[in-house]
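Please read these points with the model open beside you. They are notes from a colleague, in numbered order.

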Amino acid sequence: MIHSVQVLQQVDNKFIACLMSTKMEENGRAGGNLLILVDQHAAHERVRLEQLITDSYEKQQPQGSGRKKLLSSTIIPPLEVTVTVEQRRLLRCYHKNLEDLGLGFIFPDTSNSLVLVGKVPLCFVEREANELRRGRSTVTKSIVEEFIREQVELLQTTGGIQGTLPLTVQKVLASQACHGAIKFNDDLSLEESSRLIEALSWCQLPFQCAHGRPSMLPLADLDHLDQEKQIKPNLAKLRKMAQAWRLFGKAEGCDTRQSLQQSMPPCEPP
């Protein structure tokens, strides 16, 4: 359905009005019958997120490996992260698997409650650079600690590393997608709007933004507008009619009873 979208125009510098086809015409062509509004920020955010996810993985996978590997970056000096003995044991047992997620560990013999993180996913470093560029405080350590907690909990509950994109990584990428996306009040030409909708149509999840909110809203099915045009009832007139009917019904009931009594002969004893 989304590949059938026809862009009409931008609305209020916030939305893109489109027609979408929900059915095929007799000639086999799709005729736009559903009027929808696309949130231009949410749409571009979704396009950017899926592109960022694709760019976060290494292009060439190691031979014989069915797993995709996240791009990583070396940090100097390594981050010192405090963990429990059990967490350290799990990280050490699965450190090879965690390398696929962009994490590189060093396990010093001097402490059972400390690990050194020498590699992190590339997107963490990019997020750090963006934060420092805005004059904000460093965020890498807090993100890495959250990432480690997430993976340790998965190891404790499932006994293995999941093949899906980790939630912590997805949140970092969603933030990047949001900051670089088209904003409300950005003026878009018809050509720019069309390119955005075309890019959205090729996304895996085109109907929601990077944070899960809807990216588009159906307004009306044009084929049903004529059928739905009905005269609204005049409630005041209906109330008067109801009152008159009640009064008429009571009066008619009384007259009927009186006429029946008059027409019936009196009862005589046998």
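1. Helix H1 (residues 40-55) supplies the largest share of the lining of the largest pocket, namely 7 residues. Helices here are DSSP runs of H or I with at least four residues, strands are runs of E with at least two, and both are numbered from the N terminus. The lining has 21 residues, and those nearest the centre of the pocket are Glu-50, Ile-53, Thr-54, Lys-68 and Gln-204. A pocket is found on a 1 Å grid over the protein atoms alone, as an open set of points where a 1.4 Å probe fits, with protein on both sides within 12 Å along at least five of seven lines; lining residues have an atom within 4 Å of a point.

2. The volume of the largest pocket is about 470 Å³. Volume is the space filled by probe spheres set on the grid points, which are joined across faces, edges and corners. By class, the lining holds 9 nonpolar, 7 polar and 5 charged residues. Nonpolar covers Ala, Val, Leu, Ile, Met, Phe, Trp, Tyr, Cys and Pro; charged covers Asp, Glu, Lys and Arg; the others, Gly among them, are polar.

3. A note on the source: this is a predicted model, in which local features need pLDDT of at least 70 and side-chain atom pairs count only at pLDDT 80 or more, while totals for chains, interfaces and linings use all residues. Residues are numbered from 1 along each chain as its sequence is written, and side-chain values use heavy atoms, with hydrogens and water left out.

4. Two strands pair if DSSP finds at least two bridges between them. Strand S3 (residues 34-39) and S7 pair over 5 bridges, and Leu-35 stands opposite Ala-220 in S7.

5. A further open sheet has 3 strands in the order S4-S6-S5, again with antiparallel pairing. Its edge strands are S4 (72-82) and S5 (104-106). S5 and S6 (residues 114-121) are joined over 3 bridges; Gly-104 has Lys-119 in S6 as its bridge partner.

6. Strand S4 is also the place of Pro-77. A cis peptide bond joins Ile-76 and Pro-77, with omega at about -5°.

7. The structure holds 3 aromatic pairs. Phe-15 and Phe-184 have ring centres 5.6 Å apart and planes at 65°, so this pair is edge-to-face. Rings of Phe, Tyr and Trp (its six-membered ring) pair if their centres lie within 6.5 Å; planes under 30 degrees apart are stacked, over 60 edge-to-face, and the rest tilted.
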